[in-house]
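Let us walk through this structure, starting with one of its open spaces and then stepping back to the whole chain.

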Amino acid sequence: MISVSNVTMRYGSKLLFEDVSVTFTTGRRYGLTGPNGAGKSTFMKVLTGEIDAQKGTVVRPKKIGVLSQDQYAFDAYRVIDTVIMGNKALWAALEEREKLYEKAELTDEDGARLGELEGVVGDEDGYEAEANAAVLLQGLDIPDELHERHMSELQGGQKVRVLLAQALFGNPQALLLDEPTNYLDLESIHWLQDFLVRYDGTLITISHDRHFLNNVCTHIADIDYETIILYNGGYDDMVLQKTSIRTRIESQNEQREKKIAQLNDFIARFSAGTRSSQVNSRKKEVERLATSELARSNIARPFIRFDMLRPSGKHVLEFEGVNKSYLQKDGKIEHVINNFSAAVTRGDKVVLIGRNGQGKTTLIKALLANGPGIEETDVSIDSGTVKWGHEAQIGYFAQDHTGSIAKGTTVAEWLHSFDPQATKEDIRGILGQMLFRGEEGLKKTDALSGGEAARLLFCKIMLQKPNILVLDEPTNHLDLESINALNQAIQKYEGTVFLVTHDQDLIEEAGTRVWHFEGGPDDFRITDHKGPYEEYQQQLQLAAK
């Protein structure tokens, strides 16, 4: 159990939450929600003890698992050791025991201490530690051959999964996970969901994955109205309850305001007459009924709509025998895409799914190699043909878009550069749709957060009005409100879509066709299913019987 009493946090003049008192009960799984900037990560750091609350107290259990946000903190350690370090008491005992065994001679005191340490190791399941850590790593798609490697040798996504295993290791009494599904593929997310549903401690997780929250959480702790409100159920349940609560409060306020207006009318008509006692009585009632100010909701809903200047031809893309490989550091050639052929027609919404590292982004970049209007420098194929159809116009959202937005300009100036004919009102309108309102349009591009950069790239696509969308992991820096808006926009879009994502709601609701990347180096294949994901899953289940 984790208990929070009268906790307040603010940054400068911005109040995040005030006098929050809430208890997170053992056996329940809480999703911590709220838009970007609401204070979710700040509250999580208060819970873990990384930062102190400006006011109030936090009571937490002795053993908690925390997802580390520093990918480089463990570079000097083996992968398997990094996981075991999640149990601090065990790791401290193992380190001290090793130092004692390194001594040439042991004193009686050393021997007694070794006995104590062996007791700690036994109590903390230390003799099975490496085996238990290996199970966690395998579930998160870290193969056995990497377990003895140093963390510095791993890629960024692999490091995140090792740090997730670290948080899960050692049977912690509480788990505090900030964005645990980031950089996880769909299979790893499913494994994590199953693990967390079986977990019997207190779970608090921040996630922008609606499907994950609905499947894992028994309760939602929502940061809004400058406080934290607990709701029963998953994310969708919270949205319904929150809407109902807000509607009821606003209705009550409206009724009060009508009553106040009637009383004020009476006071105005009879204040100069002989009914002074009745007037005074009604003045007091007005004071009693005066609507208390509601703390303003911090929910900001962007509006995404993808239009087309003109439709493409019926045959959007045809490619045959596409191959792409990379030269590894050890001089070996890794074949990523092997002889893949397909044809895409107007209106197809293709979702690319599969484990991380299997070539989804590589295929996207291969298909863009001769795409009209594409200025990316790292798009190419080794062999094969790629032919885009008549009137094809592509709007591209790169997975790594750090270099996509030029520095040294403002948000409005950068956007305007893609359509000099657009009026200032047009630019302001699109920016406003994506929550760059008023002075936000004058913000320097150098100062954009990850979420702001992603929203600005969607502004660019909406301004250009392409008939083909190529979106590679577009949800990585978006909050739930923005992801939901993107989901609806893709569903309503009349053009063609290529979408790489691990967000299951997007896959199920927006996709009409699946390219499934599967297998290993010797049996790699891409299955092309011309139908929605749910239908594809049903086929796989039937084939497995």
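A pocket, as the word is used here, is an open set of grid points where a 1.4 Å probe fits, with protein on both sides within 12 Å along at least five of seven lines. A lining residue has an atom within 4 Å of one of those points. Rolling a probe the size of a water molecule over the atoms shows where empty space is left.

This is a predicted model. Look at its second largest pocket. That pocket holds about 690 Å³ of space. Its lining counts 28 residues. Find Ile394, Gly395, Phe418, Lys460 and Gln464, which lie nearest the centre of the second largest pocket.

Which elements supply the lining? At least two residues each come from β14 (394-397), α13 (424-433) and α14 (450-464). Of the elements, α14 gives the most to this lining, with 5 residues.

Now step back to the whole protein. The fold has 17 helices and 18 strands. Its C-alpha atoms fill a box of roughly 100 × 80 × 55 Å along the principal axes. Of the 545 residues, 48% are buried, meaning under 20% relative accessible area. Consider the contacts with a separation of 6 or more: 68% of them link residues 24 or more positions apart.

The accessible surface comes to about 27300 Å². Carbon and sulfur atoms account for 47% of that surface. Last, the charges. The protein carries 61 positive and 81 negative charges.

Definitions and conventions: Residues are numbered from 1 along each chain as its sequence is written. This is a predicted model: local features need pLDDT of at least 70, side-chain atom pairs count only at pLDDT 80 or more; totals for chains, interfaces and linings use all residues. Side-chain values use heavy atoms; hydrogens and water are left out. Helices (H or I, at least four residues) and strands (E, at least two) are DSSP runs, numbered from the N terminus. Buried means under 20% relative accessible area, exposed over 50%, partly exposed in between (1.4 Å probe, protein chains only). Contact means heavy atoms within 4.5 Å. Accessible areas come from the Shrake-Rupley method with a 1.4 Å probe; for residues, only the protein chains shown count as cover. Lys and Arg count as positive and Asp and Glu as negative; His and the chain ends are not counted. The place of a charge is taken as NZ of Lys, CZ of Arg, CG of Asp or CD of Glu. On a 1 Å grid over the protein atoms alone, a cavity is a set of points where a 1.4 Å probe fits but cannot get out, and a pocket is an open set with protein on both sides within 12 Å along at least five of seven lines; lining residues have an atom within 4 Å of a point. Grid points are joined across faces, edges and corners, and a volume is the space filled by probe spheres set on the points.
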